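Please read them beside the coordinates.

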Amino acid sequence: MRKHRQTISADLADSYYHVTTRTVNGEELFGAPEKEVLRKIILSTAEFCGVQIITHAEMINHFHLVARVPMRSELSDAELFRRFALLHPGTSIWRQRRLRTVELILERNGPEAAAWRARQLRQMNDISAFVKLVKQRFSIWFNRNHARFGTLWAERFKSNLLQLGPAVLRMTAYTDLNGFRAGLCADPKDYRFCGYAEAVAGNGRARQGAVIAMGIEDADEALLAYRLILMSVATYAKNGGKTVTADQLAKVIAAGGSLSFAELLACKCRYLTDGAVLGSKAFVMEQIVRMRKATGRGQKTVPRDLPEAGSELAIMVNVMPAAKMT
């Protein structure tokens with residue numbers, strides 16, 4: 001018998017959830033490329049559905065996320081179309097034809113337009129519709145790119161309805177500590193596939209998640225306070241996972257939760273490159289050319305400056321396989 005899912009109407013108030021789901025039999029299927037694609041699908045689908053991701057963590061056989069589902073509001077055709085286009089990335093002729101067909105339907109504004117609007121609106125501001133769409137989209141990509149078929153996910157996702165305040169903060173910290181507790185990094189900020197690492201690297205959307213979790217309007221202050229709480233929570237053992245030592249916590253407290261310039265730069269480089277290329281512009285460009293010849297991908301990839309480094313350093317962002325959607 002299916003367990004009743006605890007949700008509240010998005011017509012009445014904003015709601016907050018912690019969500020988790022795992023692979024069939026807990027199979028360890030996700031490496032760095034899979035985690036990156038899953039991360040991108042979560043974020044693009046969230047924007048389509050009007051869901052705000054407070055934080056997330058992609059692991060080897062499951063993912064966590066903490067999300068805010070805002071109250072429903074009126075959406076123009078232009079906004080609905082913009083969100084719809086997010087689910088169909090790429091520049092193929094089939095994508096262009098599909099989007100043009102939708103544009104023509106909306107221009108005619110007949111029964112087909114009304115039906116299209118209704119289909120899109122059913123997926124807005126709804127945690128169940130959002131997670132279902134994430135799992136469907138990632139399953140399609142994963143099976144196509146791994147010569148695989150059949151079910152990828154073990155079961156319906158699990159969700160907890162959270163009260164804004166300590167409950168949201170606690171589950172946000174729990175989510176951001178997944179990579180650290182699994183022994184995948186020396187510090188929570190170093191785990192590439194979580195919201196906290198994104199926030200430390202300067203991602204505006206992720207920094208806003210810290211603002212919501214902490215209830216502090218200034219993002220810089222929120223991140224400082226959040227690091228103190230995150231590292232304090234990490235001193236407690238959970239299921240035999242890795243913990244922060246008393247000495248490590250003392251250093252974080254002494255620093256007031258702040259990170260040195262070198263640490264921030266390292267986080268930003270790691271977040272942007274994740275094992276790609278760091279060096280002079282000439283060196284990075286040479287590697288890009290080699291990659292294009294070897295893989296046929298990366299035609300739009302160019303070296304990116306790192307002005308914060310105060311040098312001639314540049315980076316190349318990893319080029320991930322495009323997520324093919326139907």
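This is a predicted model: local features need pLDDT of at least 70, side-chain atom pairs count only at pLDDT 80 or more; totals for chains, interfaces and linings use all residues.

The points below cover cavities, helix packing and backbone angles.

1. Cavities. Two cavities of 30 Å³ or more turn up in a search of the whole structure. The largest cavity holds about 50 Å³ of space.

2. Who lines the largest cavity? Five elements each give at least two lining residues: strand S2 (52–58), helix H6 (166–176), helix H8 (195–200), helix H9 (204–214) and helix H10 (219–233). The lining itself consists of Ile-54, Thr-55, Thr-172, Asp-176, Gly-195, Tyr-196, Ala-199, Ala-206, Gly-209, Ala-210, Leu-223 and Tyr-226. By class, seven of these residues are nonpolar, four are polar and one is charged. Asp-176 is the charged one.

3. H1 on H5. Helix H1 (residues 32–49) packs on helix H5 (residues 127–145) at about 140°, and their axes lie 9 Å apart. The crossing is right-handed. On the H1 side, the contact uses Glu-34, Val-37, Leu-38, Ile-41, Ile-42, Ser-44, Thr-45, Ala-46, Phe-48 and Cys-49. H5 answers with Phe-130, Leu-133, Val-134, Arg-137, Phe-138, Trp-141 and Phe-142. The class count for this contact is 13 nonpolar, two polar and two charged residues.

4. H10 on H11. H10 also packs against helix H11 (residues 246–254): the axes come within 10 Å and cross at roughly 170°. Angles over 145 degrees count as roughly antiparallel, and H10 and H11 are therefore roughly antiparallel to each other. From H10, the contact residues are Arg-227, Leu-228, Met-231 and Ser-232. From H11, they are Leu-249, Val-252 and Ile-253. Five of the contact residues are nonpolar, one is polar and one is charged.

5. H3 on H4. How do these two helices meet, and at what angle? Helix H3 (residues 93–108) and helix H4 (residues 111–121) pack at about 120°, with axes 7 Å apart. H3 passes H4 in a left-handed crossing. Val-102, Ile-105 and Leu-106 of H3 touch a set on H4 made up of Glu-112, Ala-113, Trp-116 and Arg-117. The contact has five nonpolar and two charged residues, and no polar ones. Glu-112 and Arg-117, both on H4, are the charged pair.

6. Loop between H3 and H4. Asn-109 sits in this loop. Its phi is positive, about 55°, although Asn-109 is not a glycine. Most residues other than glycine have a negative phi. Please check the backbone at Asn-109 by eye, given that positive phi.

7. Which residue stands out in the loop between H5 and strand S4 (158–162)? Ala-147 lies there. Ala-147 is another residue other than glycine with a positive phi, near 45°.

Methods
Residues are numbered from 1 along each chain as its sequence is written. Side-chain values use heavy atoms; hydrogens and water are left out. On a 1 Å grid over the protein atoms alone, a cavity is a set of points where a 1.4 Å probe fits but cannot get out, and a pocket is an open set with protein on both sides within 12 Å along at least five of seven lines; lining residues have an atom within 4 Å of a point. Grid points are joined across faces, edges and corners, and a volume is the space filled by probe spheres set on the points. Helices (H or I, at least four residues) and strands (E, at least two) are DSSP runs, numbered from the N terminus. Ala, Val, Leu, Ile, Met, Phe, Trp, Tyr, Cys and Pro count as nonpolar, Asp, Glu, Lys and Arg as charged, and the others, Gly among them, as polar. Axes are lines fitted to C-alpha atoms, for helices over the stretch in contact, and angles run from 0 to 180 degrees between N-to-C directions. A crossing is left-handed if the near helix is turned anticlockwise from the far one by less than a right angle, and right-handed if clockwise. Contact means heavy atoms within 4.5 Å. Angles under 35 degrees count as roughly parallel, over 145 as roughly antiparallel, 65 to 115 as roughly perpendicular and the rest as oblique.
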